Amino acid sequence: METINIGILGFGVVGTGVAKLLLDKKTVLESRTGAVLNLKTIADIDTTTDRGIDLGQTRLIDDAGGVIADPDIDIIVETIGGETVAKACIEKAMANGKHVVTANKALLAGHGNGLVKLARKNSVDLAFEASCGGCMPIIKTLRESLVANHIRSMSGILNGTCNYILTKISQDGSEFEAALKNAQDLGFAEAEPSLDIDGHDTAHKLAILNSLAHGMEINLKDIHVEGIRNITPADIKFAREFGYTIKLLAIGKIHDDHVEARVHPTMIPDTNPLSHVDQSMNAIAVDADATGQTMLYGKGAGMMPTASAVLSDIADIARNMIAGTRRRMPILGFLEDHIKEIPILPMEELSTRYYLRFEAQDHPGVLSTISGILGEHHISIKSVHQKGRKNNGRVPVVMITHMANEASVQTALTRIVKTDSVVGNPMVIRIEETA
Ligand code: HSE
């Protein structure tokens with residue numbers, strides 16, 4: 001049986017999970033790939049911490065360069081994270097003719113187009129199933145299983161931290177800060193949580209998925225991103241009264257000559273299966289022309305779920321090598337000469353429905369002032385709820401609009417805020433009726 005040598009860069013959580021699977025699942029991996037997947041070397045600056053694995057013949061060294069330069073190593077698994085060192089290591093590995101597997105969505109979202117070109121130049125594979133949605137096989141689904149489909153739209157819950165926090169606020173009425181603290185105490189949120197809670201991690205994943213779905217270059221910079229910091233228990237409660245749940249969604253839709261790509265808290269009807277994806281779970285719904293709706297659900301993070309996705313890439317590359325081939329699968333799902341620059345719709349041109357919550361002064365004429373300004377901007381109100389009187393004389397006024405234009409909504413809200421009818425900034429949550 002052919003031996004394929006593997007090197008891991010980064011012996012943190014994911015690297016440890018990959019090492020565990022390579023060592024513990026040796027026999028089943030041989031039966032499934034027809035190759036001995038030999039974990040030859042791991043590199044990490046920390047070579048002393050006990051990761052709870054018997055490494056056997058595998059070497060643990062502190063020099064990534066030693067792994068990248070090893071002529072016997074066929075596949076490099078990058079689990080360093082971050083963009084600088086990881087990028088340099090991947091580039092060097094490719095230049096040395098090694099296939100690369102990575103879970104690094106930030107790197108791919110920011111530099112993926114260049115890395116795809118470099119892989120082509122060096123005739124190596126670049127695989128990244130673990131970059132989006134942890135163990136959910138969404139990359140393979142888009143690139144392989146749905147190959148005969150025109151992907152019309154995707155809606156995903158792709159960040160377990162945000163989903164955990166939103167679930168916590170929803171289930172016990174916690175304020176955002178308390179829910180975040182709880183997520184941190186339980187290890188669901190990082191000590192520095194902004195990448196997750198401000199939506200950027202989700203945007204990285206959407207940039208990659210949009211590229212695979214629509215045959216476009218990876219474009220992170222034009223994705224509209226909002227996080228969940230401002231979501232209150234009151235909004236979640238009002239949403240529930242209207243029959244909606246609030247989720248941080250990644251939304252990617254294709255139109256004739258542009259795509260929509262946006263990440264923001266979104267109200268979805270309780271009939272949408274995504275509304276029932278709770279705690280730190282991830283899910284993605286894909287709407288395609290031949291299949292209709294397809295959905296994946298699973299753990300979006302964690303040592304073994306992420307390592308499982310990395311192993312699927314290693315196995316693919318190993319199978320190719322056994323078959324004497326390489327670069328069988330276009331890295332972004334379309335042949336590189338067929339990848340187009342499709343523009344992302346500027347947010348101000350978006351049309352959708354809106355949930356608006358104002359802290360309104362409880363005096364006569366307030367509702368007509370608000371609805372009058374909305375009307376002047378062609379924003380039609382579907383329903384209005386005024387929710388009781390507060391001690392300080394202000395009342396929450398909640399409105400659901402019909403389809404409206406984003407720029408018009410923002411302009412109208414700027415005008416409303418300047419009146420003496422409301423206090424503070426309104427809460428704006430976009431509504432998606434379909435998954
Ligand atoms: N930080 C991510 C999350 C996991 O909270 O889902 C890795 O993508």
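Predicted model: local features only at pLDDT ≥ 70, side-chain atom pairs only at ≥ 80, totals over all residues.
Reader: Which domains does the assignment give?
Author: Domain 1 covers 2-135 + 303-338, domain 2 covers 138-299 and domain 3 covers 347-431. The bounds come from an automatic or database domain assignment. Residues are numbered from 1 along each chain as its sequence is written. Local features need pLDDT of at least 70, side-chain atom pairs count only at pLDDT 80 or more, totals for chains, interfaces and linings use all residues, and side-chain values use heavy atoms, with hydrogens and water left out.

Reader: How far apart are the C-alpha centres of domain 1 and domain 2?
Author: They lie 27 Å apart. The contact (heavy atoms within 4.5 Å) takes 25 residues from domain 1 and 22 residues from domain 2.

Reader: And how much area do domain 1 and domain 2 bury between them?
Author: About 2,000 Å², with 62% of it on carbon and sulfur atoms. Buried area is the accessible area (1.4 Å probe) that two parts lose on being put together, summed over both.

Reader: Which three residues of domain 1 supply more than any other three?
Author: Ala-109, Glu-129 and Cys-132, with 26% of the area that domain 1 buries against domain 2.

Reader: New topic. How many salt bridges cross the interface of domain 1 and domain 2?
Author: The rule finds 3; it asks for a side-chain nitrogen of Lys or Arg within 4 Å of a carboxyl oxygen of Asp or Glu.

Reader: What about Lys-140?
Author: Lys-140 forms a salt bridge with Asp-316, and the closest N and O atoms are 2.5 Å apart.
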